[in-house]
Amino acid sequence: MLNLLNTEFYKLFHSRYFWGIVTFNLFLSSVLLLDSIGETSSLFFASLYNVPILFFLAIVFSALFVGNDFGQRTLQSYIIAGHNRGQVLLAKLIAYQIACITILALPLLVHGLIGRVCFKESFVSVSGNLYTVLAVVVSLFAMCLLPFFFALLFRDIGKTLAVPMVLFFLMIFLMNGDQALFISRILPMGQLRLIALQQFTPSMVQFVFTDFLWIFILYFGAYLGFRHSDLK
Amino acid sequence: MSSIILQAHSLTKKYRHTVALDHIDLQIEKGKIYGFIGQNGAGKTTFLRLVTGLAFPTSGTLGLWGKSSAKDLQEQRKRIGCMIETPALFPAMTAYQNMEIQRIQRGIPDKTVIEKTLNVVGLKDTGKKSVRNFSLGMRQRLGIAIALLNTPEFLILDEPINGLDPAGIVEVRNLLKSLNKEYGMTILVSSHILEELYQTATEFILIDKGKIIEEISDQELNERCKRHIAIKATDPQKALLVLEEKLHTENFKLMPDGTIRLYDYLDDLEKVAAVLSDAHILVTGLSVSGDTLEDYFLSKIGGSENVKSPKY
């Protein structure tokens, strides 16, 4: 397992697209701040407000990091080398989630620090700072698991990119429809927007519970699909 | 200690509409070089994918070093090195980085093994050139290097000489032979270039339509592919009778395409021609030839008419 994790991190740190996406996301998030700054109480929440929009970059990353690994048959080398499929999946998931959270949370950290240092903003949330950070991390985790699930399901770069991208636009559409509030409460992407606006209704605990439910369903769905599947 | 490396019993793999492997029974013994021969779609790669754990059999059992439970098989696969179809590489990375990934995931502590293995396949001086800029032959060499990284006891190579230049083919052949000789490495090679396989392998496994049609050693093959007189006649059945009566031999064979192979009178072609001519048999072809592995394989699958040909 440790060897698999080391390998995944080696691949991650040597991949240009990972650093490219991190940089591009930081740039794009900073540009989008100009729009969202008036909607929220601080730079951190203004930055968080844009995270759902920037989710498409996590989808692109999942296609390149997971889908491409299947497409190039490089992930298969782990199986051939005698590694357990469950461990292969877990190692991939850990590296992928750390990468995705780095991509999506780095702007939050940078903008939060700028707000604190330059504008003397205090990071105050209605539910407490720790819970907010926890809810953000869990929501990001659940949100990023969706393209990972499809990457494991399709095992191909094209479909891993296309299907979650369609779902991304569908979720954006639903979050702007008549049932926007209800949809936002059950979708991790919507929850992030509600946290940014500090609308923790019904409660933060329910947000976290919903996210864990998503994580459980998507992870086990991916595991069951991968465990006995024939690989190219 | 058992000398059986791989044992398949009634191994079957079915896809939705096709039977890719049909009750395969096979044993691979330690220290031999096996040539795996079959047409496209015969089931070679499917078999190799089952062995390497990439796919699961529909029925039947597979054993590696005498172990056949799922967990044991997984453990035994650490002793295998393989390259199936095209090499699985990271195009944006260098040869060294690709090897480093494999070294880390296999938990090989010695970093110098990378340089050594790259040197063996002639890729030591590729420097910072990324794999996407490699030629087909260079990628193939890198795939072989990855398969050799852990100095496996059992090496599986699927079409290893695809894209290699003639010098590269000779190098790979010599490499496989030396690995087999020096380390006692058991090797299973599938290739479409049968003449090349003939020069490398000591055992041959012929597979067609998902079934093993024959397992044969190089000595047996040489015996069966021995020199003969190939006779093409308008009436082969009558020609056989004439040969039997006039030349007092039964050392001949009628091939599926109607050609007669006579294994006697190799130095007396004129006598054979005269006997047939006297019997008023029109001979359209008479020559001394020897079977190649390709001919042998074709004869086993029922002649060249059974070879898949493109339809326009």
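These legends walk through several close-up views of a predicted model.

Local features are described where pLDDT is at least 70, side-chain atom pairs count only at pLDDT 80 or more, and totals for chains, interfaces and linings use all residues. Residues are numbered from 1 along each chain as its sequence is written, while chains are lettered from A and ligands numbered from 1 in the order in which they are written.

**View 1. The two domains of chain B.** Chain B splits into domain 1 (4-217) and domain 2 (226-290), with bounds that come from an automatic or database domain assignment. Taken over C-alpha atoms, the centres of the two domains are 43 Å apart.

**View 2. Where chain A meets chain B.** Here 22 residues of chain A and 23 residues of chain B take part in the contact; two residues are in contact if their C-beta atoms, placed from the backbone, lie within 7 Å. On the chain A side, helix H1 (2-13) and helix H4 (76-80) each supply at least two residues, and H1(A) gives the largest share, with six residues. Helices (H or I, at least four residues) and strands (E, at least two) are DSSP runs numbered from the N terminus. By type, the chain A side holds seven nonpolar, 11 polar and four charged residues. In this scheme Ala, Val, Leu, Ile, Met, Phe, Trp, Tyr, Cys and Pro are nonpolar, Asp, Glu, Lys and Arg are charged, and the others, Gly among them, are polar.

**View 3. Helix H3 of chain B and its surroundings.** Helix H3 (residues 95-106) of chain B has 12 residues and reaches 17 Å from its first C-alpha to its last, close to the 16 Å expected at 1.5 Å a residue; the expected span is 1.5 Å times one less than the number of residues. Nine of the 12 residues of H3(B) are buried, among them Met99(B), Ile101(B) and Arg103(B). A residue is buried if 20 or more other C-beta atoms lie within 10 Å of its own, exposed if 12 or fewer, and partly exposed in between, with C-beta atoms placed from the backbone. The buried residues of H3(B) pack against H1 and H4 of chain A, and also against helix H4 (112-120) and helix H5 (136-148) of chain B.

**View 4. The six-stranded sheet of chain B.** This open sheet of mixed pairing has the strand order E5-E6-E7-E3-E8-E9. Strand E5 (80-83) and strand E9 (211-217) of chain B stand at the edges with a single partner strand each, so one side of each has no neighbour in the sheet. E5(B) pairs with strand E6 (residues 154-158) of chain B in the parallel sense over four bridges, and Cys82(B) stands opposite Ile156(B) in E6(B). Strands pair if DSSP finds at least two bridges between them. H5(B) lies across E5 and E6 of chain B, at about 165° to E5(B); axes are lines fitted to C-alpha atoms, for helices over the stretch in contact, and angles run from 0 to 180 degrees between N-to-C directions.

View 5. Strand E10 (residues 228-233) of chain B runs antiparallel to E13(B), joined by six bridges, with His228(B) opposite Ser289(B). Of the seven residues of strand E13 (residues 283-289) of chain B, zero are buried, so E13(B) lies largely in the open. Lys209(B), in the loop between E8 and E9 of chain B, has a positive phi of about 50° although it is not a glycine. Tyr265(B), also not a glycine, has a positive phi of about 60° and lies in the loop between strand E12 (260-262) and helix H10 (269-278) of chain B.
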